Amino acid sequence: MACGGWYDKKGDVNYQIYVSPEGQVTVFSIKEQLLRDTVYIGSKMPPELEQKVLDSYVEYGQKIGRYLYEIGFTGVAGVDSIITEQDVCIPIIEINGRFTLSTYISFVNQILKDKKILSRYFRLTPEKPVNYTDICGKLDKEGLLINSDTKEGIFVYTSGTLPYKLHDSNDCCVGRAFALIVSDSWEKVSILNSKLENIMETYSK
């Protein structure tokens, strides 16, 4: 562990901790975060990290959880961290003492076992409103929607934050979309991700 100064990072990691009312700490859902510059664009599950690194995050999470309990916190917290180019773990960059985007997809690995999963976030700015059906329709037309038998493909898991027209504004519609890309290999996930990005670009001015 290191502290202080600026570091060139090798990766971003998010992990969740649960602190029970009795002070028991559970560390779960360790994920690699994908950022474009400083903007979150997705999460990689399971993370491609060595077991010793995963074990260290469990240890750090336990220590953080025990400290949070000592100062009166209980519940779920999301912790952002980085791994430097020198493979040094900086276990805390930010703590969010609430459910975060990463919390809501924490259970996915338990349902889609032995699968490679990439969660993607898109900011949409289309010229006219777009809804959940529009996006799924495009994915279906391209044969990209998740197959219930093979459990491979793309699953859009939001509709409540899709684009809306700003009140009394001539600006474009704005909104967000979230999707899971699921496959047996990261190579196929990468291919599906590229196709998804091309589709989502049609919803941005």
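**View 1. Aspartate 114 is exposed in a loop of this predicted model.** Its relative accessible area is 76%. Exposed means over 50% relative accessible area, buried means under 20%, and partly exposed lies in between (1.4 Å probe, protein chains only). Aspartate 114 sits in the loop between helix 3 (108-111) and strand 6. Helices (H or I, at least four residues) and strands (E, at least two) are DSSP runs, numbered from the N terminus. Phi of aspartate 114 is near 65°, a positive value in a residue other than glycine.

Residues are numbered from 1 along each chain as its sequence is written. Because the model is predicted, local features need pLDDT of at least 70 and side-chain atom pairs count only at pLDDT 80 or more, while totals for chains, interfaces and linings use all residues; side-chain values use heavy atoms, with hydrogens and water left out.

**View 2. Lysine 151 also has a positive phi.** The value is about 55°, and the residue is not a glycine. Look for lysine 151 in the loop between helix 4 (132-141) and strand 7. Lysine 151 is partly exposed, with a relative accessible area of 35%.

**View 3. A cis peptide bond joins methionine 45 to proline 46.** Its omega is near -5°. Proline 46 belongs to the loop between strand 3 (39-45) and helix 1 (51-70).

View 4. Two strands pair if DSSP finds at least two bridges between them. Contact means heavy atoms within 4.5 Å.

**View 5. Strand 8 (residues 175-183) is largely enclosed by the rest of the structure.** Why? Eight of its nine residues are buried. Nine bridges join strand 8 to strand 6 (residues 116-124), and the two run antiparallel. Phenylalanine 122 stands opposite alanine 177 in strand 8. Arginine 123 has arginine 176 of strand 8 as its bridge partner. Strand 7 (residues 153-156) is joined to strand 8 by four bridges, again antiparallel. Here valine 156 has alanine 179 as its bridge partner in strand 8.

**View 6. Helix 1 has 20 residues.** From first C-alpha to last, helix 1 reaches 29 Å, close to the 28 Å expected at 1.5 Å a residue. The expected span is 1.5 Å times one less than the number of residues. Among the buried residues of helix 1 are Leu54, Tyr57, Gly61, Ile64 and Leu68. An α-helix has 3.6 residues a turn, so residues three or four places apart point the same way. The cover over the buried residues of helix 1 includes strand 1 (9-19), strand 2 (25-36), strand 4 (75-84) and strand 5. Glycine 72 follows helix 1, with a positive phi near 100°.

**View 7. Isoleucine 92 lies in strand 5.** At 40% relative accessibility, isoleucine 92 is partly exposed. Leaving out residues up to four places away in sequence, isoleucine 92 touches Ile64, Val79, Asp80 and Ser81. Aspartate 80 is twelve residues from isoleucine 92 in sequence, yet their C-alpha atoms are 5.9 Å apart in space.
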